[in-house]
Amino acid sequence: MMRLIMLLAVLVSCAGAAQAGEPPSRYGVDAPELARLGKDAVGVRTLHFVQHGQVDVLAFDPVKGSAPVADRNLTVDLWYPARMPPGAAPETYTAQLPSEPPAPPVRFSVPGIAVRDAPPSGMHLPLVIVSHGYSNDPAAMTWLTENLASKGYVVAAIHHDDPPITDRIRFVEPLMRRPLDIAFVAQTLQSTLAAERLIDPARIALIGYSMGGYGVLTAAGAVLDPEGRAAKMVPGGLMLPFARGGAMRAAIAVKGLRAVVAISPAGGGSLGSWGEEGVRGITAPLLLIAGDNDKTVDYKTGALAFFEQAVNSHRYLLTFKEGGHAIGLSPAPDAMRSLLWDQDWFEDPVWRKQRVTAINAHFITAFLDRYVKDDESRAAYLNVPTADSDAGVWTAATPPLPYDAYSPATADITVWTGFQRNHATGLQLLQAQARAP
């Protein structure tokens with residue numbers, strides 16, 4: 001009997017481990033070269049900030065023509081290179097996302113590699129601020145946050161505490177708050193973490209997904225159009241002080257900015273957030289990542305248009321052919337796979353999600369290393385031999401390369417640098433230089 005009980009305990013333990021799965025920040029054997037974890041162990045801690053005297057846009061009174069002012073509480077999760085305490089257990093993240101009405105939100109968990117409150121191991125590191133999508137949560141972006149922290153970055157992901165995405169009337173809240181939250185957190189962390197000597201406040205990067213993409217583009221210098229639909233949707237002209245010609249436009253600009261990444265960015269199309277001219281205000285290097293079949297924010301009037309308009313930035317556009325909008329979150333946790341609505345928060349109908357996140361991690365690493373850490377060697381991963389990945393060829397090499405070798409991008413091998421043979425398919429990477437001053 002005792003032997004049977006012990007056997008059952010082992011089986012339950014193994015089942016639990018299998019259900020937990022691999023942390024999304026650790027990629028498989030087919031991942032491109034720079035997606036792999038870095039040399040650093042990772043710690044995580046949670047910070048709480050109060051932004052005093054903020055206009056409550058959702059409480060706008062049309063009769064009075066004004067909105068009340070209140071303190072805004074913001075939570076930030078911080079990942080960083082760390083020293084591992086003996087016997088420390090990695091973090092398991094929990095969160096919830098809205099389900100299809102009238103169903104309640106669905107809770108899920110994500111296994112991690114980071115250890116809660118582990119002591120930092122680095123000093124004067126670059127800071128990356130991450131802004132999630134509408135009604136998302138940082139727990140759904142650990143594919144990136146943990147991965148970058150293992151490579152020597154301090155990564156701060158904001159809990160924007162959005163209204164439920166199912167309540168479209170309240171969309172004006174993230175529309176107004178995104179760039180304000182990002183600018184406030186950047187300014188606060190540039191002061192507090194620099195005082196700890198953890199970060200270098202002059203080496204800042206912004207990464208945003210969907211509405212977070214709208215936020216980081218605005219905080220990076222894209223000037224809001226006072227005549228655009230986005231500004232006009234916010235009642236009482238509350239957005240106008242931050243738009244072109246407004247007295248507070250500089251208040252949403254992030255200083256020390258070295259690079260910007262926008263994944264499936266919102267803000268284009270019918271929103272007309274910046275008009276045709278506003279994106280020209282971005283001068284930091286810019287990496288746009290999008291699927292050309294994005295039915296949520298639209299590719300042609302979104303990422304592709306921003307790439308063409310941001311003429312004062314050295315910019316890149318990575319396109320997943322036939323990819324949709326859901327390319328910014330981790331693979332769907334088990335709890336989010338029972339209903340299609342829940343799964344579609346995470347998964348793309350065409351692309352295998354772990355493949356998407358691995359490719360994103362590869363290129364984001366190359367981009368940040370190149371422009372934030374000034375590592376010129378990373379340019380080889382961005383200056384791809386052919387803009388269309390499908391056009392790359394892999395001829396026989398002398399001596400022969402192993403089957404799983406990464407492409408060196410020589411005259412005879414034009415598969416994208418860092419990709420394995422037969423595994424650089426379905427992608428396009430465009431690049432354009434900043435316009436001469």
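**Charge.** I counted 37 positive and 42 negative side chains in the protein chain, with the centres of the two sets 4 Å apart. Lys and Arg count as positive and Asp and Glu as negative, while His and the chain ends are not counted; I placed each charge at NZ of Lys, CZ of Arg, CG of Asp or CD of Glu.

**Basis.** This is a predicted model, in which local features need pLDDT of at least 70, side-chain atom pairs count only at pLDDT 80 or more, and totals for chains, interfaces and linings use all residues. Residues are numbered from 1 along each chain as its sequence is written, and side-chain values use heavy atoms, with hydrogens and water left out.

**Burial.** I noted that 56% of the 437 residues of the protein chain count as buried, meaning under 20% relative accessible area (1.4 Å probe, protein chains only).

**Helix H8.** I looked up H8, residues 353-371, which spans 27 Å from its first C-alpha to its last, close to the 27 Å expected at 1.5 Å a residue. The expected span is 1.5 Å times one less than the number of residues. Helices are DSSP runs of H or I with at least four residues, strands are runs of E with at least two, and both are numbered from the N terminus. In H8, 18 of the 19 residues are buried.

**Valine 44.** I found valine 44 in strand E1, residues 41-55. Valine 44 has a relative accessible area of 0% and is therefore buried. Beyond its neighbours within four places in sequence, valine 44 has contacts (heavy atoms within 4.5 Å) that include Leu78, Trp79, Tyr93 and Arg116.

Note on methods:
Buried means under 20% relative accessible area, exposed over 50%, partly exposed in between (1.4 Å probe, protein chains only).
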